Amino acid sequence: MSIDRTDIEKLGELARIAVTEENIEATTRSINEVLALVDQLQSANTANVKPLANPLDATQRLRHDQISESNHRDDFQPLAPATENGLYLVPKVID
Amino acid sequence: MHTKTLAELKTGLTNGEFSSVELTQHFLDRIKNLDSKYNCFISVTEEAALAQARQCDEHLAAGDAPVLCGLPIAHKDIFCTEGIRTSCGSRMLDNFVPPYNAGVVDKIAKAGMVVLGKTNMDEFAMGSSNETSYYGPVKNPWHTDCVPGGSSGGSAAAVAACLSPVATATDTGGSIRQPAALCGITGLKPTYGRVSRWGMIAFASSLDQGGPMARTAEDAAMLLNVMAGLDSRDSTSTEHEVPDYTATLNQGIAGLTIGIPTEYFDEGLNPATEQAVRNALSELEKQGARLKEITLPHSHLSVPAYYVIAPAEASANLSRFDGARYGYRCKDPVDLHDMYMRSRAEAFGDEVKRRILVGAYCLSAGYYDAYYNKAMQVRRLIKNDFESAFSEVDVIAGPTCPNPAFEFGAKGDNPVAMYLEDIYTIAANLAGLPAMSLPCGFVDQKPVGLQLIGQYFDEARMLNISHRYQLATDWHCQSPSDVS
């Protein structure tokens, strides 16, 4: 299966990565190379094969539904690009 | 001092031949004098290291020193370190100073090790050559015009150049074993879940696993002893008991059956690499192991399956980098959408963007079954191949990589040519099996790695075989020219 520049623009939108005009050709080409590689999977007979997500077929360990974390806001907010009064600042969402 | 193994340095410290401060200063000086040539380190933590070393000396004198007290180590810059920038090789995290330590970092600190700094790596661990790092490529200490392998290239080159006796690393598709092979050191990827991934920046969560890099199997065993074990903060961390990996190193290997997969000696393998690997197998046979040809019929599908599963998981994991809470934010975003689009476009490198886009494609409506589900089914076939092989053999052996270290730029802009360098390493990640690489010879003065793949949680057996091999050979003792 191969994709064209319109698909790349759509993927860029889905993944929230701006794809610029100057690199869209190269991106399309290299992604098609990867997709040609992964298309080899279609040759495998996988009828009745159960997909394997966790390599140990393990299920996730659960814990009791109790609060185990304390508030670390003062440790985390200095890492943010912009904060004010304990809130994270982002560009205006609603007018 | 720097050519000594971790085990020898431990003896030296215990016997008072040198102090931890002297030892730490020695390695810091080497980094200062030599790292401009190799670019192994993104951050060097000189002051903290010396302060830590002073404390270690007190514990050593008082006789209450923990097991690896005062011994230096370097951490791959993927492990969060409290108060020390953790970049993951990316512009995205160039300014990221974590407020907490990764599980592995905590365990190693508890064992008393002294952290020299954080090592260079392919951006977000995506690469096999270290060429994708925002901080520039790492040079292979054996040939500085060649790559060290990736993604743990900084850790591998630092150990090879004796800038640190050991280092931590991570392996998603070969990122411990391939650079270990290309730099001529010993590196081990444990069983999935054996080592905590808490605070280890996620790339592909069903594949990622941290492990040790060292010059000898004995050193790798000593480090794995303190890295392995349950961490309740990582839901994939396993309760499986941790043995003392050093206790069985010396056992004889007579009577063991070593499986040799036909598919790992195909036409893609460099003939000189093959010869070095075959010689290593003969040595193991000489020590009484039995070699048995086996087949892993779905091997050729491991790279295609990986390049669906890893990008799909990466596209989900890396969606957290949004420019809002930490990491890079573009200048003057006009709105939220613009902030996401430009922050991610400006701060991720080409390979990372490529994998996110491939992953988004494989997971998108209409393609999920054809790609992601299919890849997960093939993944089971690959695991089944190993399970049937392990009904007949104790361990599997073959080459780590098809070729020795290649020159910078040699793979051009064809991503697939680079991906195929991991052709023999990826299957162990898909199946979650432990695997390691150890030096077994040279081709054109470039190191060659022998790969061992073990049964689940059988790291001790691989380390035992590697140690016995290293007792009989001296490939692991050889060093690049300016190490002496």
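Reader: Which residue of chain A does Arg380(B) meet in a salt bridge?
Author: Arg380(B) pairs with Asp57(A), at 2.9 Å from N to O. A salt bridge here is a side-chain nitrogen of Lys or Arg within 4 Å of a carboxyl oxygen of Asp or Glu. Keep in mind that this is a predicted model, where local features need pLDDT of at least 70, side-chain atom pairs count only at pLDDT 80 or more, and totals for chains, interfaces and linings use all residues. Residues are numbered from 1 along each chain as its sequence is written, chains are lettered from A and ligands numbered from 1 in the order in which they are written, and side-chain values use heavy atoms, with hydrogens and water left out.

Reader: What is the mean pLDDT of chain B?
Author: The mean for chain B is 97, and 100% of its residues reach 70 or more. pLDDT is the predictor's confidence in each residue, from 0 to 100. For the model, ipTM is 0.95 and pTM is 0.97.

Reader: Back to the two chains. How many salt bridges does the rule find across the interface of chain B and chain A?
Author: One. Polar contacts across that interface come to 22 residue pairs, both residues being at pLDDT 80 or more. A polar contact is a pair of N or O atoms within 3.5 Å; within protein, one must be able to donate a hydrogen and the other to accept it, and residues adjacent in sequence count only if both atoms are side-chain atoms.

Reader: Now inside chain B. Where do Glu351(B) and Arg355(B) lie?
Author: Both are in helix α11 of chain B, four residues apart, about one turn of the helix.

Reader: Is Glu351(B) buried or exposed?
Author: Glu351(B) counts as buried because its relative accessibility is 10%. Buried means under 20% relative accessible area, exposed over 50%, partly exposed in between (1.4 Å probe, protein chains only). Arg355(B), at 3%, is buried too.

Reader: Why would residues four places apart in a helix point the same way?
Author: An α-helix has 3.6 residues a turn, so residues three or four places apart point the same way.

Reader: Which residue forms a salt bridge with Glu387(B)?
Author: Lys383(B), the closest N and O atoms being 3.7 Å apart. Both lie in helix α12 of chain B, four residues apart. Glu387(B) is partly exposed at 41%, whereas Lys383(B) is buried at 6%.

Reader: Different topic. Where is Thr425(B)?
Author: Thr425(B) is in the loop between α13 and α14 of chain B. Thr425(B) is buried, since its relative accessible area is 1%. Leaving aside neighbours within four places in sequence, its contacts are Gly173(B), Gly174(B), Arg177(B), Thr400(B) and Gln451(B).

Reader: What about Pro141(B), which loop is that in?
Author: Pro141(B) is in the loop between β3 (114-119) and α5 (153-160) of chain B. Its relative accessibility is 6%, so Pro141(B) counts as buried. Not counting residues up to four places away in sequence, Pro141(B) touches several residues, including Tyr38(B), Cys183(B) and Pro480(B).

Key. Helix = DSSP H or I, 4+ residues; strand = E, 2+ residues; numbered from the N terminus. Contact = heavy atoms within 4.5 Å.
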